[in-house]
Amino acid sequence: MARWDPGTAERLTQAALELYTEHGYDNVTVTQIAERAGITRRSYFRYFPDKREVLFAGSERLPAAVRAAVLDAHPAASPLSAALEALTQVGAALAEHIDRTAERLAVIASSPELQERERTKHALVTSAIQDALLQRGVDDDSAKLVAQVATIASQNALDRWAEGYGEKDFATCLHAVVASLRDVLTEGIDSSTFE
């Protein structure tokens, strides 16, 4: 096998998902993942720093991609529209390249350590959206709120897409989430809530 086999990272990801699903995240070692993928433990660390990061490969590029997409949104778009347009583009591109999303999300949900890592990823995306909106001239409070709402909508859309086993595209799922959000917000808030 070549030293830097281009398919090795994918094999490691597949092996890790299989083992995490079979035995639980906490019960699997890097050695087991490497063996199942047909490489040595030492070689594993050429691809991933630990057993957690095999599930988050490439996520370090996500904030920059989202930020760039928000900045590229139509200049007349509202802050929320710009953020959702960006997340639709990036989410659709990711959905095309992510295999076994439902399994990945189930493994993450099973582990507090992985849940924390997932929250960190989402926080970085939220920050990237907020930063891009500020560059678009949105005030601090609005940029923060829009970034948080857009990130939550995107998370919910990814969950819907994964539960549908890819039968719907990501954009359709995000549009459905936005429609549900719109319905919730237009129900109104009882004025006595804040008295």
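Glutamate 118 is buried, and so is lysine 121. Buried means under 20% relative accessible area; exposed means over 50%, with partly exposed in between (1.4 Å probe, protein chains only). The model is predicted: local features need pLDDT of at least 70, side-chain atom pairs count only at pLDDT 80 or more, and totals for chains, interfaces and linings use all residues. Side-chain values use heavy atoms, without hydrogens and water, and residues are numbered from 1 along each chain as its sequence is written.

Glutamate 118 and lysine 121 form a salt bridge, with the closest N and O atoms 3.3 Å apart. A salt bridge here is a side-chain nitrogen of Lys or Arg within 4 Å of a carboxyl oxygen of Asp or Glu. Both residues sit in helix α7, 3 residues apart, so about one helical turn separates them. Helices are DSSP runs (H or I, at least four residues), numbered from the N terminus.

Glutamate 118 also meets arginine 104 in a salt bridge (3.3 Å, N to O). This pair links distant parts of the chain: glutamate 118 is in helix α7 and arginine 104 in helix α6 (residues 101-109), 14 residues apart. Glutamate 118 has 9% relative accessibility and therefore counts as buried. Arginine 104 has 13%, so arginine 104 counts as buried too.

Helix α7 (residues 112-135) also holds arginine 117. Its salt-bridge partner is glutamate 53, and the closest N and O atoms are 2.8 Å apart. Glutamate 53 lies in the loop between α3 (41-47) and α4 (62-72), so the pair ties together parts that are 64 residues apart in sequence. Glutamate 53 and arginine 117 are both buried. The structure holds 10 salt bridges.

Now to the helix packing. Helix α8 (residues 140-163) packs on helix α9 (residues 170-186) at an angle of about 125°, with the axes 8 Å apart. Axes are lines fitted to C-alpha atoms over the stretch in contact, and angles run from 0 to 180 degrees between N-to-C directions. α8 and α9 are therefore oblique to each other. Angles under 35 degrees count as roughly parallel, over 145 as roughly antiparallel, 65 to 115 as roughly perpendicular, and the rest as oblique.

Which residues of α8 and α9 make the contact? From α8 they include Val149, Ala153, Leu158 and Trp161. From α9 they include Phe170, Leu174, Val177 and Leu181. Contact means heavy atoms within 4.5 Å. By class, the contact has 11 nonpolar, 3 polar and 1 charged residues. Ala, Val, Leu, Ile, Met, Phe, Trp, Tyr, Cys and Pro count as nonpolar, Asp, Glu, Lys and Arg as charged, and the others, Gly among them, as polar.

Key
Helices (H or I, at least four residues) and strands (E, at least two) are DSSP runs, numbered from the N terminus.
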